[in-house]
Amino acid sequence: MLRHGEGAWNIENRFCSWVDQKLSEDGLREAEMCGKHLKFLGFEFDLVYTSILSRSIQTAWLIMQELGQEWVPVRSSWRLNERHYGALIGLNRAELALNHGEEQVKIWRRSYDNAPPPIESLKQVLERLLPYWNEEIAPEIKKGKRVLISAHGNSTRALLKHLEGTVPFYFYKFS
């Protein structure tokens, strides 16, 4: 399970949400390097799952290309999409922090059951994602299929929370 590579709005520190964007130049390199690393580690996949957003699909494609496994079936679902940030989409996080306070922006971005105005909390992301996990992905894993999930920060965070049975947690990007 992985988060897509960097997109243009990531660079601009803007809430991207369901806005469909391609990867930035750095995002392309990140996906290719991830593929090289997985190849070095000997990974092989039977199925790939992505959201319906280009940055997730593009990341998966580049990884599979590096692995020489372009033939592996890809299944896409909106249920793996990023958290929907409603009225925050396109806004700059730093500017929001100046207007609403750093703590409020952190709550909107990382809280489990507090939705930004007016759309979706992490809890709701998990509720949206679970039927697809339970009906599509988990049965394939139980059959012994090796699965790659290329999705988004919040959809992977929600799924990990479910799988680990943990309280909400944060992801940190290590450079």
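## Around Ser 111

Leave aside the neighbours within four places in sequence, and Ser 111 is in contact with Arg 83, Lys 106, Leu 122 and Arg 157; contact here means heavy atoms within 4.5 Å. A word on the ground rules: this is a predicted model, with pLDDT of at least 70 needed for local features and 80 or more for side-chain atom pairs, while totals for chains, interfaces and linings use all residues. Residues are numbered from 1 along each chain as its sequence is written, and side-chain values use heavy atoms, with hydrogens and water left out.

Ser 111 sits in the loop between helix H5 (102–110) and H6. Helices (H or I, at least four residues) and strands (E, at least two) are DSSP runs, numbered from the N terminus. With 14% relative accessibility, Ser 111 counts as buried; the cut-offs are under 20% relative accessible area for buried, over 50% for exposed and partly exposed in between, using a 1.4 Å probe and protein chains only. Two backbone oxygens face polar atoms of the Ser 111 side chain: that of Ile 107 at 2.6 Å and that of Asn 114 at 2.8 Å. For polar contacts, the rule is a pair of N or O atoms within 3.5 Å; within protein, one must be able to donate a hydrogen and the other to accept it, and residues adjacent in sequence count only if both atoms are side-chain atoms.

## H6 against H7

Helix H6 (residues 122–142) packs on helix H7 (residues 153–164) at an angle of about 75°, and their axes are 9 Å apart. That makes H6 roughly perpendicular to H7. Axes are lines fitted to C-alpha atoms, for helices over the stretch in contact, and angles run from 0 to 180 degrees between N-to-C directions. Under 35 degrees counts as roughly parallel, over 145 as roughly antiparallel, 65 to 115 as roughly perpendicular, and the rest as oblique.

On the H6 side, the residues are Leu 122, Val 125, Leu 126, Leu 129, Leu 130 and Trp 133; they meet Asn 154, Ser 155, Arg 157, Ala 158, Leu 159, His 162 and Leu 163 in H7. By class, that gives nine nonpolar residues, three polar and one charged. Ala, Val, Leu, Ile, Met, Phe, Trp, Tyr, Cys and Pro count as nonpolar, Asp, Glu, Lys and Arg as charged, and the others, Gly among them, as polar.

## H4 against H5

Helix H4 (residues 93–100) and H5 pack at about 125°, their axes 7 Å apart, and are therefore oblique to each other. From H4 come Arg 93, Leu 96, Ala 97 and His 100, meeting Glu 102, Gln 104, Val 105, Trp 108 and Arg 109 in H5. This contact has four nonpolar, two polar and three charged residues.

## The sheet

Four strands make an open sheet in the order S1-S4-S2-S3, with parallel pairing. Strand S1 (2–3) and strand S3 (74–76) are at the edges, each with a single partner strand, so one side of each has no neighbour in the sheet. Two strands pair if DSSP finds at least two bridges between them; S1 and strand S4 (residues 147–151) are joined by two, and Arg 3 has Ala 151 of S4 as its bridge partner. Helix H3 (residues 54–67) packs on the sheet and touches S1, strand S2 (47–50), S3 and S4, with its direction at about 140° to that of S4. S2 and S4 run parallel, joined by four bridges, and Val 48 stands opposite Leu 148 in S4.

How much of S4 is buried? Five of its five residues are, so S4 is largely enclosed by the rest of the structure. Val 147, Ile 149 and Ala 151 point one way from the strand, and Leu 148 and Ser 150 the other. Ser 150 has 0% relative accessibility, and its contacts beyond four places in sequence are Leu 2, Tyr 49, Thr 50, Ser 51, Ser 56, Thr 59 and Ala 60.

## Two loop residues

Val 72, in the loop between H3 and S3, is buried at a relative accessible area of 4%. Beyond four places in sequence, Val 72 touches Phe 45, Asp 46, Leu 47, Val 48 and Met 64. Asp 46 is 26 residues from Val 72 in sequence, with 5.9 Å between their C-alpha atoms.

Glu 44 belongs to the loop between helix H2 (25–40) and S2 and is partly exposed, at 46%. Its side chain makes a polar contact of 3.4 Å with that of Arg 146. The C-alpha atoms of Glu 44 and Ala 97 are separated by 43 Å.
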